[in-house]
Amino acid sequence: MSQAQDVVELILQDHRRMEDLFRLMRSVEADRAAALEEFADLLVAHALAEEAKVYPALKRYKNIDDEEVEHGEHEHDEGNEALLALLEVEEVGSEEWDSKLEELVEAVTHHADEEERTILNGARENVAMERRAELGAAFLQERERQLKAGCGSVDNVRRIVKS
């Protein structure tokens, strides 16, 4: 199996891209609004794909802690709330924008770190490569569907946060 389809590797690739986008959003030389737009789409599509296709499957493995998976879903909610707060700031680069960005960075970084240590390490150790490839394909398909639907728009993020 190629690493490109391993659900663990795909999730890790998204986490690294999010870190790159955080750097761009912090940089006064970068197109911070464009970086935020890409980040919003990626974060929402990533979380929805995990919750729809990956987390339910991982709960079936006895060596992967269900509480960690449910905690991951709760942290997605926190990330979405922090994302919405940043999306609603009027002026990119203002003090308020920088403050909301740091809250978002903290929420997402905390979640990614925990997810990598608990859920993804558990998946790597306990889920067969073939199954990880199946989950990777399902994750990618759902993630792509969400991206095409413009999932990171402020209106959609608002709807997700309020539901």
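In this predicted model, α1, α2, α3 and α4 each supply at least two residues to the lining of the largest cavity. That cavity holds about 100 Å³ of space. Its lining consists of 13 residues, and those nearest its centre are Leu43, Glu75, His76, Val108 and His111. By class, the lining is made up of 6 nonpolar, 6 polar and 1 charged residues. The count of cavities of 30 Å³ or more comes to 1.

The largest pocket is an open space of about 170 Å³. It is lined by 14 residues, with Ala33, Leu36, Glu37, Leu87 and Gly152 lying nearest its centre. The elements that give two or more residues to this lining are α2 and α3. Of these residues, 5 come from α2, which is the largest share. Sorted by class, the pocket lining has 8 nonpolar, 2 polar and 4 charged residues.

The two spaces are set out below.

| Space | Volume | Lining residues | Nearest the centre |
|---|---|---|---|
| Largest cavity | about 100 Å³ | 13 residues | Leu43, Glu75, His76, Val108, His111 |
| Largest pocket | about 170 Å³ | 14 residues | Ala33, Leu36, Glu37, Leu87, Gly152 |

Next comes the packing of nonpolar side chains. In soluble globular proteins, such side chains tend to be buried together. In this model the largest nonpolar core has 26 residues, and the members that touch the most others are Phe22, Met25, Phe39, Leu83 and Leu104. Two or more core residues come from each of α1 (7-26), α2 (32-58), α3 (66-87), α4 (95-126) and α6 (154-162). Helix α2 gives the largest share, 8 residues.

Leaving aside residues up to four places away in sequence, Leu104 touches Phe22, Phe39, Leu43, Gly79, Ala82, Leu83 and Leu86. One of these contacts, Leu43, is also among the residues nearest the centre of the largest cavity.

A search of the whole structure finds 1 aromatic pair. The pair is formed by Phe22 and Phe39, with 4.8 Å centre to centre and 35° between the planes, and it is tilted. Phe22 sits in helix α1 and Phe39 in helix α2, 17 residues apart, so the pair links distant parts of the chain. Phe22 counts as buried because its relative accessible area is 5%, under the limit of 20%. Phe39 is buried as well, at 0% relative accessibility.

Ala30 is placed in the loop between α1 and α2. Its relative accessible area is 21%, so Ala30 is partly exposed. Ala30 and Ala49 are 19 residues apart in sequence, and their C-alpha atoms are 28 Å apart in space. Asp77 belongs to helix α3 and is likewise partly exposed, at 40% relative accessibility. For Asp77 and Val161, 84 residues apart in sequence, the C-alpha to C-alpha distance is 6.9 Å.

Notes: Residues are numbered from 1 along each chain as its sequence is written. This is a predicted model: local features need pLDDT of at least 70, side-chain atom pairs count only at pLDDT 80 or more; totals for chains, interfaces and linings use all residues. Side-chain values use heavy atoms; hydrogens and water are left out. A nonpolar core is a set of buried Ala, Val, Leu, Ile, Met, Phe, Trp, Tyr and Cys residues joined through side-chain atoms within 4.5 Å. Buried means under 20% relative accessible area, exposed over 50%, partly exposed in between (1.4 Å probe, protein chains only). Helices (H or I, at least four residues) and strands (E, at least two) are DSSP runs, numbered from the N terminus. Contact means heavy atoms within 4.5 Å. Rings of Phe, Tyr and Trp (its six-membered ring) pair if their centres lie within 6.5 Å; planes under 30 degrees apart count as stacked, over 60 as edge-to-face and the rest as tilted. On a 1 Å grid over the protein atoms alone, a cavity is a set of points where a 1.4 Å probe fits but cannot get out, and a pocket is an open set with protein on both sides within 12 Å along at least five of seven lines; lining residues have an atom within 4 Å of a point. Grid points are joined across faces, edges and corners, and a volume is the space filled by probe spheres set on the points. Ala, Val, Leu, Ile, Met, Phe, Trp, Tyr, Cys and Pro count as nonpolar, Asp, Glu, Lys and Arg as charged, and the others, Gly among them, as polar.
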